[in-house]
Amino acid sequence: MGASLPPKEANLFKLIVKSYETKQYKKGLKAADAILKKFPDHGETLSMKGLTLNCMDRKAEAYELVRLGLKNDLKSHICWHVYGLLYRSDREYREAIKCYRNALRIDPDNIEILRDLSLLQAQMRDLTGFVETRQQLLSLKPSHRMNWIGFAVSHHLNKSPSKAVEILEAYEGTLEDDYPPDNERFDHGEMLLYKVSLLEESGFHEKALEELHKKELKIVDKISYKEAEVLLLVKLDRLEEAVKLYRILLSMNPDNYRYYEGLQKCMGLYSVTGHYSADQIEQLDALYKSLKEQYTWSSAVKRIPLDFLQGDQFREAAVNYIRPLLTKGVPSLFSDLSPLYDHPGKADILEQVVLELEQSIKIDGKYPGREEKEPPSTFMWALFFLAQHYDRRGQYGVALSKIDEAIKHTPTVIDLYSVKSRILKHAGDLSAAAALADEARCMDLADRYINSECVKRMLQADQVALAEKIAVLFTKDGEQQNNTLHDMQCMWYELASGESYFRQGDLGRSLKKFLAVEKHYADITEDQFDFHSYCLRKMTLRAYVEMLKFQDRLHSYSYFHKAAAGAIRCYIKLYDTPSKSTAEQDDEMSKMPAAQKKKLKAKQRKAEARAKKEAEEKNEESASSGTAKSGKKSVKPVDPDPHGEILLQVEDPLAEATKYLKLLQKNSPDSLETHLLSFEVNMRKQKILLALQALKQLLRLDAENPDSHCCLIRFFHKVGSLPSPVSDSEKLVCRVLEAERADISPLLEKSLIEANKVFLGKHEDSLVHRTAAAEMLNLMEPSKKSEAVKLIEDSTNDVVPKGGALGPVGEWKLENCIAVHKILGTLFVDQDAASRWKARCSELFPYSTYFEGKQSTAMSNLNHGCQTSENGDHPNLSQNVNGKLEASLKELTV
């Protein structure tokens, strides 16, 4: 390090390195300049100066200096190492690995470079290289514990858990008998539990249990010890011992649902589907009654029996469970019981139970069969539960009457307004829902959750500007830093905002929000880097391996799926309706009259001036807010494309969509939406075989889905209209299509028209299926448009039988009816049919602003000339940030 320099300059070089490590960058620069004054071509000093400048956000100069330093001293491992560090800071990991390998050719035993290389290999999942590097580190420094552990973990990640066990055993052989000392007992215990998990993963269950018992005294985490022991006993089929151990665990934590599940499995009383025989129910009932006597304070032991009990037994258990929680006033009671609504008949029993309790309290002020009077709040919580119950069943009128009664009883409870807001959202009155959420927010301005719920309702009502003002109330810099929400990785906000912009047709902002979520996932992937060394040092090995597995499936989570799907939809829409180029706009302007042209130019100049002024004001605000107490400024860079206009200027939108589509295909292969998007993109790209691949996946997942049916008919209708094949490749594609069609069961020996009729016959009672069949009929036979429209209009809204899971509920859903209305107006271009459908749906959904139902806020706004947007929003509602309801909302009664 600085070996070619005289002693004075060599000491200065060491000072540069020390200053870099301690983040004293100005001091390091000063030392570098002192050396370069005498030795301007010294490669290592140039490289270190570049690395220091990189930490000061002067990247262009940094790269220039590091490359110059490397050019002057190609045989210096320091120059190559610094070049690798520079690439690593910019997340160019593959280039960084190349630089580290070049450095190791010059100095193969440099521990620092080997350690940095191993971290990058773990990050990039180059597991073979990771094993080799960790082995080399161990051979160079076998006395270092972290090298042993790192070598074992590398083999585990490389799917050799048995080899990892051997390494850990070899490491234990180097330890003293009285190891570990008191300050390392927890770390050593974690290593032993990790070793047991490796033995279990290798299939050596007996040996793992033996090892666990042998090292019991050295393991500090007794809960993890017992959990590992009980899992091994179950795998060894020693169920009686496992039952005893589960009971011990329950005595330690009687509200852990996993322990109850494990106990049931050991006793042969567990079903994944939740269906049990009468004998099993009897045994389970006896088991939980005995547990209830032991753990009287446990809520889990009272709640779990509701999942398997039936009939009168369920009714009795539900009464005993609900009564004390209503008395106590637990707002989450309905959320707790909502999974029971998927069990046939249980929703009806719950309704009867709570209605009886409500009536008894209303008349006598006490529960049936009780002498003690209930507090007045119990009646309000019973109404609160019933409102959510009827909302779940789609009986919005009854739900609103119950929640209004509860508000009248106790108008100061915030949860009542939040639930009423949710009911109105489900009923289709998004503006009123946003206004009520704002009212709830103003009742407790310090509650972040209620603030977030209000923002979400406003975004659903397409009130984006107002939602942003409310959202930033809880950010560090308030309204001065709107991009703080991005820095906080507030993904639910960005997704809801992106969807709102998409509904409003603002593709630039919508795309910007969706891509922001994708950037967050890239940051989360990047964040694992620091843990590769930290977890080995702190010995949190089991958590580390779990974190790596989580990172490997990171992009399969719902937020990423929604963001990627949203971005693809934006690119598809951009492809279908491309924005006009500057030349086209100039051409249109040239055709305008002189006066109109002058007026338009003046308007554009004003808009540009206003945008410039707003940007300057934001810069000033961010500069003033970024000034710390010390007087130093930490100004964040201004977003050069706040409205996403640059994002829309892509040459090939479908190529951009394909990037995100590949991620969805890799990480969400069992999602119907993934393959629907793949079909749409590839049909537009004229990639027939890729579209066929997507179609086959759709049929595999759900052949009876209306979207799958539409894709099937559209695909083969398109194929049938293609010109005759000429080239060899076209003929080959044609033969593949013929062979594949023969294997598709819905088209077996049928024409497309016949297949559509068969599909309609199977699902003639379903609105969405009838609409899909009508769409395809109109596609294949445009002359039968009136017949297709009639097919939709003849649909009936049948009531689901009372024996179902939810009781008597209409089959039609509001979102499906809105979709049908749009299809009639845009695809069929039949405004009369669309008007008739709107009138019909306004009766079915009286609270829907989209259909202008009689009891919606849309009707009260008609006199004011309000326009209904795509999702039924009315801009004059909920504009008062102080939360005072508009007069029209106050008149909203049942």
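Predicted model: local features only at pLDDT ≥ 70, side-chain atom pairs only at ≥ 80, totals over all residues.
**Overall make-up**

The secondary structure of the protein comes to 47 helices and zero strands. Of its 894 residues, 46% count as buried. Among contacts with a separation of 6 or more, 59% are accounted for by residues 24 or more positions apart.

**Two helix pairs**

Two packed helices are described by the angle between their axes and the distance between the axes. The table gives these values for the two pairs treated here.

| Helix pair | Residues | Axis separation | Angle |
|---|---|---|---|
| α22 and α23 | 376-392 and 396-409 | 8 Å | about 160 degrees |
| α29 and α30 | 491-504 and 507-527 | within 7 Å | roughly 155 degrees |

The crossing of α22 and α23 is left-handed. On the α22 side, the residues that meet α23 are Pro376, Phe379, Met380, Leu383, Phe384, Leu386, Ala387, Tyr390 and Asp391, and their counterparts in α23 are Tyr396, Val398, Ala399, Lys402, Ile403, Glu405, Ala406 and His409. Sorted by class, this contact of α22 with α23 has 13 nonpolar residues, one polar residue and three charged residues.

For the pair α29 and α30, the axes cross at roughly 155 degrees, and this makes α29 roughly antiparallel to α30. Helix α29 passes α30 in a left-handed crossing. From α29, the contact draws on Met491, Tyr493, Glu494, Leu495, Ser497, Gly498, Glu499, Tyr501 and Phe502, while α30 contributes Leu507, Arg509, Ser510, Lys513, Phe514, Ala516, Val517, His520, Tyr521 and Ile524. By class, the contact of α29 with α30 has 11 nonpolar, four polar and four charged residues.

Glu241 belongs to helix α14, which spans residues 239-252. Its relative accessibility is 38%, and Glu241 therefore counts as partly exposed, since that class lies between the 20% limit for buried residues and the 50% limit for exposed ones. The side chain of Glu241 is joined to that of Arg238 by a polar contact of 3.0 Å.

Terms used. Residues numbered from 1 in each chain as written. Heavy atoms only, no water. Helix = DSSP H or I, 4+ residues; strand = E, 2+ residues; numbered from the N terminus. Buried < 20%, exposed > 50% of the residue type's maximum accessible area, 1.4 Å probe, protein only. Polar contact = N/O pair within 3.5 Å; in protein donor to acceptor, adjacent residues only side chain to side chain. Axes fitted to C-alpha atoms, helices over the stretch in contact; angles between N-to-C directions. Parallel < 35°, antiparallel > 145°, perpendicular 65-115°, else oblique. Left-handed = near helix turned anticlockwise from the far one by under 90°. Contact = heavy atoms within 4.5 Å. Nonpolar A, V, L, I, M, F, W, Y, C, P; charged D, E, K, R; others polar.
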